[in-house]
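Hi there,

Here is the structure I promised to pass on to you. Have a look at it first, and my notes follow below.

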Amino acid sequence: MTKGQAAAGIVLPPLPDDLRRRESHAPVVEGEPAIAILARERQALDRANARQGRTTQFYDDLTSRYGTRR
């Protein structure tokens, strides 16, 4: 328990591991059509955006539960 947790009197739940993961760029394969690379890059971006949405929801759930939103 940290000093801030003790002062607040609450213990926050841990951040889900999935929300800490970083999304890599799509690999570029020489000779492959650019459209295929772009499609994989967009899929990676979609995964990253979905993760960001889950992170925001996690934070919003915490602030609504503990009333710490300003």
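Helices (H or I, at least four residues) and strands (E, at least two) are DSSP runs, numbered from the N terminus.

Before you read on, a word on the source: this is a predicted model, where local features need pLDDT of at least 70 and side-chain atom pairs count only at pLDDT 80 or more, while totals for chains, interfaces and linings use all residues. Residues are numbered from 1 along each chain as its sequence is written, and side-chain values use heavy atoms, with hydrogens and water left out.

The whole chain

The chain has two helices and zero strands. Of its 70 residues, 11% are buried; buried means under 20% relative accessible area, exposed over 50%, and partly exposed in between (1.4 Å probe, protein chains only). The accessible surface of the chain is about 5,900 Å², and carbon and sulfur atoms hold 56% of that. These areas come from the Shrake-Rupley method with a 1.4 Å probe, and for residues only the protein chains shown count as cover. Among contacts (heavy atoms within 4.5 Å) with a separation of 6 or more, 55% are between residues 24 or more positions apart.

Along helix 2

The buried residues of helix 2 are Ile37, Ala44, Arg51, Phe58, Leu62 and Thr63. Thr63 has a relative accessible area of 5%, and its side chain reaches the backbone oxygen of Asp60 at 3.0 Å. Gln52, also in helix 2, counts as exposed because its relative accessibility is 51%. Gln52 and Arg20 are 32 residues apart in sequence, yet 9.9 Å apart in space, C-alpha to C-alpha. Just after helix 2, Gly67 takes a positive phi of about 60°.

Leu15 sits in the loop between helix 1 (3-8) and helix 2. At 27% relative accessibility, Leu15 is partly exposed. Leaving aside residues up to four places away in sequence, Leu15 touches Arg20 and Phe58. From Leu15 to Tyr59 is 44 residues in sequence and 9.2 Å in space, C-alpha to C-alpha.

Charged pairs

How many salt bridges does the structure hold? There are six, a salt bridge being a side-chain nitrogen of Lys or Arg within 4 Å of a carboxyl oxygen of Asp or Glu.

Glu23 forms a salt bridge with Arg47, with the closest N and O atoms 2.9 Å apart. That pair links distant parts of the chain, as Glu23 is in the loop between helix 1 and helix 2 and Arg47 is in helix 2, 24 residues apart. Glu23 also forms a salt bridge with Arg51, again with closest N and O atoms 2.9 Å apart. Glu23 lies in the loop and Arg51 in helix 2, so this pair ties together parts that are 28 residues apart in sequence.

Is Arg51 buried or exposed? Arg51 is buried, with a relative accessible area of 5%. Not counting residues up to four places away in sequence, Arg51 touches Asp18, Leu19, Arg21, Arg22 and Glu23.

Arg40 and Glu32 meet in a salt bridge as well (2.9 Å, N to O). Salt bridges that share partners join Asp18, Arg21, Glu23, Arg47, Arg51 and Arg54 into one network.

Best wishes

Definitions and conventions. Polar contact = N/O pair within 3.5 Å; in protein donor to acceptor, adjacent residues only side chain to side chain.
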